[in-house]
Amino acid sequence: MTTDKDAAPTPMMAQYIEIKAANPDCLLFYRMGDFYELFFEDAVEASRALGIALTKRGKHLGADIPMAGVPVVSADEYLQRLIGLGHRVAVCEQVEDPAEARKRGAKSVVRRDVVRLVTPGTITEEALLDPGRPNFLLALARLGGSGENAGYGIAWTDLSTGTFKLAETGRAQLEADIAAIEPSEIVVAEPVFHDPSLQPLFRRYGRRVQPEPQTLFDGTTAEERVCRFFGVATLEGFGGFTRVELSAAAALIAYLGKTQMAAHPGLQRPERIVAGSLMQIDPATRASLELTRTISGKRQGSLLSAIDRTRTGAGARLLAGRLAAPLTDPAAIRERHASVGRFVEAAPVRQQLREALAGLPDVERALSRLSLGRGGPRDLAAIRDGLEGALAIAALLGDDLPEELAARQVALAALPVDLLAKLSRLLADNVPLLRRDGGFVREGALPALDEARTLREDARRVVAELQGRYAAETGIRNLRIKHNNVLGYFIEVGDAQGRVLAGEGGEARFVHRQTMASAMRFTTGELAELESRIAGAAAEALRLELECFERLAGEIEAAAEALRQGAEALAVVDVSAALAELAVAEDWIAPLVDDSLAFAVECGRHPVVEAALKAGSGHPFVANDCDLSPPAEGGAGAIWLITGPNMGGKSTFLRQNALIAVLAQAGSYVPATRAHIGVVDRLFSRVGASDDLAEGRSTFMVEMVETAAILNQAGERALVILDEIGRGTATYDGLSIAFAAVEHLHEVNRCRALFATHFHEMTALASRLARMRNATMRVKEWEGEVVFLHEVKAGVADRSYGIQVAKLAGLPHTVVERARHVLEELEKGEQAGRRTALVDDLPLFSAMARRADATVAAPAPVIEALGALDPDALSPREALDALYRLKSLALDTR
Ligand code: ADP
Ligand code: MG
């Protein structure tokens, strides 16, 4: 039974419950002294996630209240882990002095308030961020209902650097567009969040999707809200934005307001990404090509980690962004190649630049923290050191730069040199982390500060001298003067001597303060006087330092735009020099990218597999050509059908060509001896059969859903990689589907494609499909063993070597022998010529498609009649007649 006393929460618990109720979707970090405490389910959740002790504190409604806590000093580390797991944390601080609360009565609680919501997409702390990855918060807005025709807008920002971009998109590209950004958090309106058709998208991001009230997205006030944020009367100067883009932008800004409370983030002016300017890569393709993460989610082993030679965090972020979103405009792509080319040629400059870049601080992130009021002395120092480095780098760049670098040199030349001079003059070389610790202003920079510091030091010296004097005067050799936060300065002597001092009586020079187990503490008028002089001087020194901090932060804020441009310029230089370094070290070449439909790669290699071979077995990687260029002038691109044994190198070959397209259009050189690539606007890759049990779909279903997406969406400019589709079902099903898919690609999509299969029957299609070629992976048989040469050559694999591969894998000898025997029997039994028969018996897809078109082409009379009606011109009587006529036509058609 609960008593009344149990039922009524303590005043503190009542406060906790109230604050928690206002932040139900967050873990609440409730400040109590030196700890952030969590209670109830939050405590259980946090103790499980962080491995911290679960204790209890008091009772609520008769039950124990679970509690877990983290020390404030190491809170960042715990926050990082919680955020990494997709949690959101509300940080609740004491917002008044406990002394104030006591004045209101013994039982009153200290006022507390949530000062910030820490969410995956809004963090700015160095300790919480991955230096080499952008951290995007994305808002998704929708206008015009929930159907296929709805318009979508996305706005995304990296609060840690201030980047802010907008784009309009459609349902079909939505997944690819969001995947290109790799957001850490997505904000959507509640109704959109609950739309069943978007569930697969949201499930991919799990807890990182945050539903918010529709009002955040309100289109009618969106423009005004964006204007207010940027302090402008109109957005005309920013370029034109569509309604749905503005809705997303306004929601993003509102969400930042909600999570950052009073702090005003310094975002850049929104930049609009034009539809079609980026290569579309859907999430399945991204995953299968392991562009920026491996299938298991790690950076190690991805294309990005194999090619990243950048020297700065900003450079690494830029490279990751470029790789995630390759361009489609050949001119813009060639500009990037020219920058890389410049540094390939100028090897000494490249080395000097790379040395200068290494160790540069992260200016972008320091700027953002300063603008949010969360900056510290180290951020000021980062701006100083960044500026200094930038000027050195600008001097190294040289003249006659290609366009992209020339523009960056202009940005570097515009950096505020006077700000650097001021920072160098005022800031100490080594500065502490926290403002409140002081000690970051250089000695000799501010006379008033020097004076206060001297006073403080003098007084401290006098205190030190005092110890010797008191010891001599009292004859107590182990008399010490110490300091703590409660008593301030005090004199400490052993128990016995203490009693003597206390008993001195009369003059009472030594005033008793405290009795400890084996010591006694005293003060004197002299010491108290010195102490107040020290405290006064220290407070004055800190006040002067903080004033100086604010002044410098203000000047940095005023120069923020120039500083950001400069930081971006350094990132571009870093990426270009890093790609050049890579090209030289790995022997990569500049691809030719243009508007054609060519795809011709000579001696292409797979960068990740090649690196793995080099590090592992030491076997050389076998380079291979690939030519999917249109066989006839003005025609469509070609399809290669690749057969060959398992382990022959089919998947590697397929992927390497997709990766070469991505690298080329991202602006990198490529691993080949020659490459001519007509811009790829969409890249599709369906590689292997992977289960997606989390999404509740079988392997085969996933395979078909993705194949459907490709066949429905790929256009003439697409590049399609299909690796053994149709493997996840019965042989004839699978073969039939693979067959039909290749025909569809050839006849309808007319795109460049690589198709690997173990269905040898399909090679006969080459006789019917003009732009299809057969290719196979060469193998050598040697004393009954199979040797993979990893070489692609024209033609058809004679056998699949499955049994040899099984033997290599260590299948028991008896099983291998038995399998050989069964195979022989099967092959004998197979009707001669079945392969070609299959092709000949089936009408080509194009013929069937034409027939299907023909049925659709002649519309039913009822449709024609309906089309001819003009409802506005009909009287009610005529409308009724028309309805009867339509009904009878409908019956006829049946
Ligand atoms: P398949 O898809 O035909 O089964 P994979 O592409 O998975 O074959 O390749 C199997 C292995 O063969 C790879 O893991 C790699 O070690 C090696 N390999 C593939 N291609 C090459 C190549 N071009 N040069 C050297 N080794 C290769
Ligand atoms: Mg394979």
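Because the model is predicted, local features need pLDDT of at least 70 and side-chain atom pairs count only at pLDDT 80 or more, whereas totals for chains, interfaces and linings use all residues. Residues are numbered from 1 along each chain as its sequence is written, chains are lettered from A and ligands numbered from 1 in the order in which they are written, and side-chain values use heavy atoms, with hydrogens and water left out.

## Overall build

The secondary structure comes to 33 helices and 27 strands, where helices (H or I, at least four residues) and strands (E, at least two) are DSSP runs numbered from the N terminus. The C-alpha trace spans about 125 × 80 × 65 Å along its principal axes. Of the 894 residues, 49% count as buried, a term that stands for under 20% relative accessible area, with exposed meaning over 50% and partly exposed in between (1.4 Å probe, protein chains only). The accessible surface of the protein is about 41600 Å², and 54% of it belongs to carbon and sulfur atoms; these areas come from the Shrake-Rupley method with a 1.4 Å probe, and for residues only the protein chains shown count as cover. Among contacts (heavy atoms within 4.5 Å) with a separation of 6 or more, 69% join residues 24 or more positions apart.

## Helix H19

In helix H19 (residues 417-426), the buried residues are Leu419, Leu420, Leu423 and Leu426. Viewed down the axis of H19, these buried residues fall within an arc of 145°, so they line one face of the helix; the arc is that of the directions from the helix axis to the C-beta atoms. An α-helix has 3.6 residues a turn, so residues three or four places apart point the same way. The partners against which the buried residues of H19 pack are helix H17 (377-397), helix H22 (525-558) and helix H23 (560-586).

## Ligand 1

Around ligand 1 there are 13 residues, of which Val622, Met647, Lys650, Ser651 and Thr652 come nearest; a residue is near a molecule if one of its heavy atoms lies within 4 Å of it. The table gives polar contacts, that is, pairs of N or O atoms within 3.5 Å; within protein, one must be able to donate a hydrogen and the other to accept it, and residues adjacent in sequence count only if both atoms are side-chain atoms.

| Protein atom | Distance to an oxygen atom of ligand 1 |
|---|---|
| Lys650, polar backbone atom | 2.8 Å |
| Ser651, side-chain N or O atom | 2.7 Å |
| Thr652, polar side-chain atom | 2.6 Å |

The protein covers 79% of the 550 Å² of accessible area that ligand 1 has on its own. Helix H25 (residues 650-666) supplies the largest share of the shell, three residues.

## Two loop residues

Glu96 sits in the loop between strand E5 (89-94) and helix H5 (98-103), and it is buried, with a relative accessible area of 14%. Its side chain makes a polar contact of 2.8 Å with the side chain of Arg104 and reaches the backbone nitrogen of Arg111 at 2.9 Å.

Asp587, by contrast, is exposed, with a relative accessible area of 56%, and lies in the loop between H23 and strand E18 (592-594). Not counting residues up to four places away in sequence, Asp587 touches Leu582, Arg605 and Ala672. The C-alpha atoms of Asp587 and Ala672 are separated by 8.0 Å, although the two residues are 85 residues apart along the chain.
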